[in-house]
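Here are my notes on this entry. Please read them alongside the model.

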Amino acid sequence: MIVEIGHFALVLSLAVAMVQSVLPIIGARKGDERLMETGAIAATGGFVLIGISFAALMSSYVTSDFSVLNVAENSNSLQPLLYKFTSTWGNHEGSMLLWVLILAFFGSLVALFGRDLPATLKANVLSVQAWILTAFLLFILLTSNPFERLDPAPMEGQDLNPILQDIGLAIHPPMLYLGYVGFSIAFSFAIAALIDGRIDAAWARWVRPWTLIAWIFLTLGIAMGSYWAYYELGWGGWWFWDPVENASFMPWLAGTALLHSALVMEKRSALKIWTILLAILTFSLSLLGTFLVRSGVLTSVHAFATDPTRGVFILCILCLFIGGALFLFALRAPSLAGGGLFAPISREGALVFNNLFLTTAAATVLVGTLYPLVLEVVAGQKISVGAPFFDLTFGPLMVPLLFAVPFGPLLGWKRGDLLGAAQRLYFAAGCALAALVGVLAFTGGTRVLTAFGFALAFWLLAGSLTDLFLRAAFLKVGWRTGLSRLLGLPSSAFGATLAHFGLGVTLLGIVSVSSFQQELITSMAPGKTAEIAGYTLSFDRIDQRPGPNFDAQAATFTVRQGGVEMTKIETSKRFFPVRQMTTTESGIWTHWFSQLYLSLGDPSPDLQTIVVRIWWKPFVTLIWIGTVFMGLGGVFSLADRRLRVGAPTRSRRKAAGRDAALGAGA
Amino acid sequence: MFARRLILVLAAMFALFSATPQLTLVTPAYAVNPDEMLKDPALEARARRLSAGLRCLVCQNESIDDSNADLAKDLRLLVRERIKAGDTDDEVIDYLVSRYGEFVLLKPRLDWATLALWATPLVVLFCGIALAGITVAGRRKPKAPPELSDAEEAAIARITADHG
């Protein structure tokens with residue numbers, strides 16, 4: 001019964017979305033306020049309906065109702081309760097339902113917080129949101145219905161893919177989707193502006209917070225996915241340039257560019273047309289990502305859904321929205337007036353530089369990801385494009401961009417002083433130089449590239465702090481006044497600094513682990529020891545441990561440094577009988593920012609020894625800690641009153657008050 | 001031996017075309033095993049470096065160095081055999097390409113078919129720079145402010161009338 005209610009709510013939400021697709025936009029055309037107001041009601045109602053539907057699916061997972069096909073295929077009654085919950089989105093149908101739930105969630109947020117939006121803009125935005133919603137609800141109901149029944153119901157389900165039975169994967173998809181789908185708001189605003197044919201700085205003010213929210217979630221979602229792959233897949237890699245990773249990375253690159261260009265548009269009302277285009281492209285890349293992952297066109301670690309009819313359906317949605325948006329853009333963009341003027345060397349110029357490199361990087365990843373597919377279809381030739389290609393192309397593109405980061409905030413709007421900015425960065429340059437010399441001395445001059453990597457990381461770290469340091473004027477007014485000035489700075493200043501600082505932290509982790517990681521692959525028997533990076537690991541024992549829905553083989557190691565016991569590490573292999581699959585549970589010991597990483601391989605044929613892989617990963621955690629800084633930077637930017645949703649109300653009231661005072665004075 | 005490899009390659013093609021979910025489910029990668037390693041650390045380091053650039057044909061974009069598939073193991077042993085036989089890095093790569101095609105290379109070689117791929121970053125960057133340059137240069141010429149519409153003129157007249 002609950003399942004049928006969920007199914008019915010989903011169909012009803014489609015009807016609501018269809019109404020929302022049409023009425024508000026007609027209202028906006030005719031200037032009919034009542035029609036426009038239906039948008040907000042429909043958006044909120046639609047969200048509630050999809051919420052009911054999602055809750056129904058979740059309840060059938062929690063109660064292990066195997067009469068639902070989706071539940072029978074993707075869960076098992078023995079699973080721990082947490083993974084029964086997360087099984088809801090650990091499969092194609094459920095994850096698409098989560099996708100539309102989040103889409104409807106963002107739509108209802110616009111309805112809720114968009115009270116100060118111009119009525120026509122709001123109506124148009126909500127209609128465009130509903131077009132996307134309608135398309136994806138149709139996709140779910142026609143090709144991927146999670147509520148299909150199974151008769152007779154089996155006694156037991158087929159279990160969730162074991163590598164997904166992990167807390168990291170429980171949170172990763174919702175985070176990623178909040179990011180992916182969040183960009184739909186920027187898209188809808190862009191389309192609404194094109195339909196209206198008007199766009200101004202207020203538009204950018206509205207779009208930037210939404211983009212920021214999406215960007216924060218996407219940043220953290222990608223980072224979480226990366227850490228999950230690092231510890232779960234058992235070979236200690238943190239980024240594979242896997243097509244599905246690229247699918248989430250492209251919207252991130254474009255979204256980062258969008259954040260920066262929207263800044264120019266908001267402050268200086270320049271780059272309007274480009275910002276609109278970028279908003280369209282960012283969400284298009286999100287849609288493309290959804291297509292790549294959900295259609296099964298690329299078969300990889302993440303792609304656990306494969307069915308050509310679905311692929312074709314999403315491809316149609318993709319063409320419709322991207323094609324339609326770009327067509328509308330081509331039609332309307334020339335009529336949008338350009339904004340403020342600026343010299344090439346200026347804050348605007350720096351942000352254009354940022355956009356150039358980020359967009360090129362996104363294009364490179366896009367082409368690299370799709371090229372093998374296209375070449376195979378067009379020329380029938382099979383090639384691979386993997387990590388070595390991306391390292392060679394993406395890497396060099398990032399170097400000038402990262403080098404330029406500290407300059408950006410130091411340049412003035414309209415016309416900047418490059419030499420002046422460079423002079424103010426002397427401390428950062430000193431740090432970079434010290435890192436360069438230090439690493440060269442440490443490695444005996446053999447690692448020139450590594451040394452430059454460290455130099456760039458320290459340049460970023462010190463350079464990003466320079467702006468705050470100068471704005472607080474510590475050198476001029478002393479520490480005490482400086483500190484109070486620092487705390488008085490707008491939180492957006494902290495936002496930029498934190499995000500740029502995080503970039504430096506991540507880079508430091510990347511350079512350090514890729515240059516100084518140590519690896520030991522060996523066959524060991526209990527009682528034997530191994531040495532790595534100054535640590536002695538002794539293999540204590542290996543034993544069997546039954547789990548709820550798996551059998552584990554767990555090995556315990558003691559880590560000693562100079563004879564002193566530092567810690568014990570446990571690493572195991574889990575065998576899941578239902579799916580006949582084995583997963584590794586790597587054993588990780590975090591020591592400061594570095595990690596000792598252990599995973600088990602195959603036992604020898606006589607079962608006397610087992611292959612053990614040991615890595616020493618210096619400063620590896622900085623890679624993810626840096627992304628936390630970036631996310632925090634986003635939160636600080638968002639907290640800035642200037643950007644807070646609804647903030648215009650207060651300034652308007654103040655302005656009204658001032659007018660009244662003036663009127664009284666006259 | 002050859003028959004087994006052929007079956008594996010066919011399985012790879014099958015996996016890639018039909019994209020069956022079972023094969024996409026990753027089992028833990030055990031990658032290089034101690035018994036495969038070469039005694040000479042310099043030769044082993046070369047083997048590792050080469051392996052990182054070679055694709056495991058049955059996996060998705062995974063190198064033979066990372067993969068635990070049987071085929072990847074065969075390829076790792078093959079690479080080491082060739083190195084022991086005295087091949088240079090290029091000769092090892094050529095040998096593998098002659099047997100498995102360009103598909104085995106994770107970094108495609110530059111030729112007519114891959115020209116567009118390799119040119120993408122530079123072309124996009126230069127187009128972007130040119131576009132930005134033209135726009136900024138064009139924008140710097142002073143432009144007459146856009147004309148106000150009749151409705152807007154009327155609005156101004158109304159506002160000034162109110163305040164006057």
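1. A:Phe575 has A:Thr582 as its bridge partner in strand 6 of chain A. On strand 5 of chain A, A:Phe575 also stands opposite A:Asp551. Keep in mind that this is a predicted model: local features need pLDDT of at least 70, side-chain atom pairs count only at pLDDT 80 or more, and totals for chains, interfaces and linings use all residues. Residues are numbered from 1 along each chain as its sequence is written, with chains lettered from A and ligands numbered from 1 in the order in which they are written.

2. Strand 5 and strand 6 (residues 581-585) of chain A pair antiparallel through 5 bridges. Strands here are DSSP runs (E, at least two residues), numbered from the N terminus; pairing requires at least two DSSP bridges between them. The two strands make a hairpin with 4 residues between them. In that turn, A:Gln580 has a positive phi of about 55°.

3. Strand 4 (residues 551-561) and strand 5 (residues 564-576) of chain A are also antiparallel, joined by 11 bridges. This hairpin has 2 residues between its strands. A:Gly562 in the turn has a positive phi of about 55°.

4. Chain A is split into domain 1 (1-163), domain 2 (440-514 + 628-666) and domain 3 (518-617); the bounds come from an automatic or database domain assignment. The C-alpha centres of domains 1 and 3 of chain A lie 43 Å apart. Their contact (C-beta atoms, placed from the backbone, within 7 Å) takes 9 residues from domain 1 of chain A and 8 residues from domain 3 of chain A.

Note on methods
Two residues are in contact if their C-beta atoms, placed from the backbone, lie within 7 Å.
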